[in-house]
Amino acid sequence: MKEILNNIHHYRKVYGVILKLNYAKMMTYRADFISSSIAHTIWATFTIIQMILLTSKTSHVFGWSRDELLMLAAVYNVIFSFFYMFFSRGFNSISNTIHLGRLDGILTKPINSQFMITCMYVTYTHLIRLIIGIGFLSYLLIKMQISVTPFLIVGFVGIIVLSIVLNYSFWMIVMTLTIWFPKLSNLTDLLYQVNQVTKFPQEMYKGLGIYLLFFLFPLTFIIVSPVKYLLHRMDMSDFVYLFVFAGGLFVASRYFWRFALRYYTSASGS
Amino acid sequence: MKKLRALLLMEFQHFSEYRGDIFVYTMGAIVIPVVLLNVWLAIADAKGSNASEIQYLVQYFVVQVFVNVIVSTWQATFLANAIQRGEISAHLLKPYPYIMVHIANNISEKVWKILFSLVALVILVAMYHSYLTIPLWQTILPGSLVVLLGAVIKFMWSQILGMSGFWTSNIYAIREYNQMLYNLISGVLFPIKYATQVIPAFVFVVLPYQYMLGFPINVLLGKVSQTELFQGVGIQLIWVIVLYIVYRIVWQKGLQRYGGYGG
C-alpha cells in the first residue's frame with residue numbers, strides 16, 4: 001500500500017513538472033497560442049453547426065430528438081477537448097519518437113514508458129473548446145429542463161473518465177503498431193477521423209455491416225453513454241459495456257505496449 | 001515537360017517509400033463519407049424519404065469517396081513551413097518554377113491515393129451495389145472535365161493559402177478556418193441541394209468550394225442539366241483564371257518579403 005502511495009506521489013510530482021514545462025512553452029510562443037485557440041474555437045463551433053445542419057429537416061432520428069442530438073455534439077466537444085488537451089500531442093509524437101530512436105531516452109528513465117510517451121505534452125489551447133462545450137451543454141440542460149444535482153455531476157464526470165480511458169486505450173493500441181511500422185507518421189490523422197464516428201447514435205451504423213461495426217462498436221459508447229446518463233436513459237447494460245470496453249482495452253493496451261517493446265530496435269528502428 | 005517528368009518520377013519514388021502513410025491518409029479520407037452516408041440514411045429513414053432520394057444519397061457519398069481523393073491537396077502546410085524555414089531558397093535557383101514541385105508532388109501522391117481508394121470503392125460498391133445504377137457512360141466525359149477543373153481550383157486555392165506563410169509564422173488558424181468552410185460548403189457534409197436550404201445562397205456564389213467537389217459529383221451522377229453544366233464549367237474556368245492571377249500577385253509580393261533564413 002505504501003509503495004502504491006509512493007508511486008502516486010512520484011507520478012503526481014512528475015506530472016506537475018510536465019504541466020509547468022508545457023505552460024512555459026505555451027507562454028514562449030504566444031502567437032501560436034492565439035492561432036491555435038482560434039482554430040479550436042472554429043472546430044468546436046463546427047461540431048455544433050454540423051449537427052444543427054444535419055438535424056435541420058427532422059425532429060427525431062431513431063428516437064433521438066434534435067436537442068438530444070445537439071447534446072451529443074456538446075459532449076463530444078467536452079470529452080475530446082479534454083482528450084486532445086492531455087493526450088493527443090503525445091500520441092502524435094509517438095511515431096517520430098520511435099522512428100528517430102528517441103524512445104531509448106524514455107525507456108532508460110525510472111518511469112513508466114507508456115505514461116511518459118503519452119502524457120509528455122499538454123496543449124492548453126484546447127481549454128477554449130472545453131469552455132464552449134460546457135457552455136453549450138449547460139444551455140441545452142436548461143432548455144431541456146434537466147435538473148442538475150451534485151449526484152448527476154459526479155456520475156457524469158465518472159462516466160466521462162471511463163469514456164476517455166476507452167478512447168485513450170483505443171489510440172494506444174493503434175499507435176503501438178508504430179513500433180513495427182515506424183514510418184506510419186500519420187496514424188493519428190486516421191484516429192482523428194475515426195473519432196467522428198462517436199458523435200452519432202449507435203443505431204445509425206446498422207447499415208455498415210457486421211465486420212466494420214465490430215471495430216467501431218466500442219467507440220460508439222464514448223459520447224452516447226454520458227449523454228444517455230444526462231438524459232436518465234442509461235441502463236445497466238450501457239454501463240457494463242462502457243466499463244468492460246474501457247477496462248478491457250486499457251489492460252490490453254498495457255500488455256500490447258509491453259509486448260511491442262520487445263521488438264523495438266532503437267535508433268531509426270525501421 | 002522533361003523537368004516536370006523528372007520531378008514526377010522523383011516524387012513518385014518518394015511516395016512509394018511512404019506508401020503506408022498514403023494508405024492511412026486515404027483511409028482517413030474515406031471514413032467521413034462512409035459515416036455521413038449512414039447518418040444521412042438514418043435521417044432519410046426518419047423523414048420517410050422516398051427510394052429515389054435514398055438512392056441519390058448513396059450514389060452521392062460513394063462517388064464522393066473517389067472525387068474527394070482526386071481533388072485532394074495537402075501542400076498548404078508544407079509550403080508555409082518551407083517558407084518559414086527558408087527551404088524554398090534552393091528551389092528559387094533551379095530552372096523551373098517552384099510551383100512545379102508542388103504539381104509533381106500532388107500528382108504523384110494522387111496516383112497512390114487513387115490506387116488505394118479503388119480498394120475502398122470496391123468494398124462500397126459491394127455493400128451498396130443495388131443503389132448504384134449510375135449512367136456513367138453518359139457522364140464520364142463531362143464528369144472527368146469538371147473533376148479535373150475542381151482539382152485545379154483546389155490546388156491553386158491551397159497554394160495561395162500556403163503562401164500566406166510569407167506574412168504569418170503560423171497558418172494553422174487560416175488552414176482550419178478554410179477546412180471548416182470547405183466541409184460546410186463544398187458538399188462534403190451534405191449534397192449541395194440540401195446545403196442551400198440552410199446556408200444562404202450567396203455563400204455558394206462568392207466562394208469556390210462547391211466547384212471543387214459538390215458540382216463535379218452531381219455532374220458525374222447526371223443530376224445537372226446541360227445549361228447548368230455549361231454555366232458550371234464557365235464558373236470553374238473563371239475561378240481557375242482568377243486564382244492563377246491571385247497566385248501570381250501573391251507570389252511576387254511574397255518573394256519581396258521573403259528573407260530566405262530559417263526559423
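**Exercise 1. Check the span of helix H12 of chain B and find what covers its buried side chains.**

*Solution.* Start with the length: helix H12 of chain B covers residues 226-257, and at 1.5 Å a residue its 32 residues should span 46 Å; the end C-alpha atoms are 46 Å apart, which agrees. The expected span is 1.5 Å times one less than the number of residues, and helices are DSSP runs (H or I, at least four residues) numbered from the N terminus. A word on the model: it is predicted, so local features need pLDDT of at least 70 and side-chain atom pairs pLDDT 80 or more, while totals for chains, interfaces and linings use all residues. Residues are numbered from 1 along each chain as its sequence is written, chains are lettered from A and ligands numbered from 1 in the order in which they are written, and side-chain values use heavy atoms, leaving out hydrogens and water.

Next, list the buried residues (under 20% relative accessible area; exposed is over 50%, partly exposed in between; 1.4 Å probe, protein chains only). In H12(B) they include Leu229(B), Trp239(B), Tyr247(B) and Trp251(B). Finally, look for contacts, meaning heavy atoms within 4.5 Å: the cover of these buried residues includes H5 (89-92), H6 (99-128), H7 (136-163), H10 (201-206) and H11 (214-220) of chain B.

**Exercise 2. Which residues of H1(B) are buried, and which are exposed?**

*Solution.* First, the span: helix H1 of chain B (residues 2-17) has 16 residues and should span 22 Å at 1.5 Å a residue; its end C-alpha atoms are 23 Å apart, which agrees. Second, Leu4(B), Leu7(B), Glu11(B) and Phe15(B) are the buried residues of H1(B). They cover an arc of only 70 degrees around the axis, which puts them on the same side of H1(B); the arc is that of the directions from the helix axis to the C-beta atoms. An α-helix has 3.6 residues a turn, so residues three or four places apart point the same way. Third, Lys2(B), Arg5(B), Leu9(B) and Gln13(B) are exposed on the other side of H1(B). The cover of the buried residues includes helix H2 (19-47) and H6 of chain B.

**Exercise 3. Classify the ring pairs Phe217(A) with Phe221(A) and Tyr241(A) with Phe245(A).**

*Solution.* Apply the rule: rings of Phe, Tyr and Trp (its six-membered ring) pair if their centres lie within 6.5 Å, with planes under 30 degrees apart stacked, over 60 edge-to-face and the rest tilted. The count over all chains comes to 46 aromatic pairs. Phe217(A) and Phe221(A) are 5.1 Å centre to centre with 90 degrees between the planes, an edge-to-face pair. Phe217(A) is partly exposed at 28% relative accessible area, whereas Phe221(A) is buried at 3%. For Tyr241(A) and Phe245(A), the centres are 5.8 Å apart and the planes at 15 degrees, so the pair is stacked. Both lie in helix H11 (residues 236-261) of chain A, four residues apart, about one turn of the helix.

**Exercise 4. Where do Gln145(A) and His232(A) lie?**

*Solution.* Gln145(A) is in the loop between helix H6 (127-143) and helix H7 (150-176) of chain A. Its phi is positive, about 55 degrees, although Gln145(A) is not a glycine, and at 73% relative accessibility it is exposed. His232(A) is in the loop between helix H10 (221-230) and H11 of chain A. His232(A), not a glycine either, has a positive phi of about 60 degrees and is exposed at 60%.

Note on methods. Helix = DSSP H or I, 4+ residues; strand = E, 2+ residues; numbered from the N terminus.
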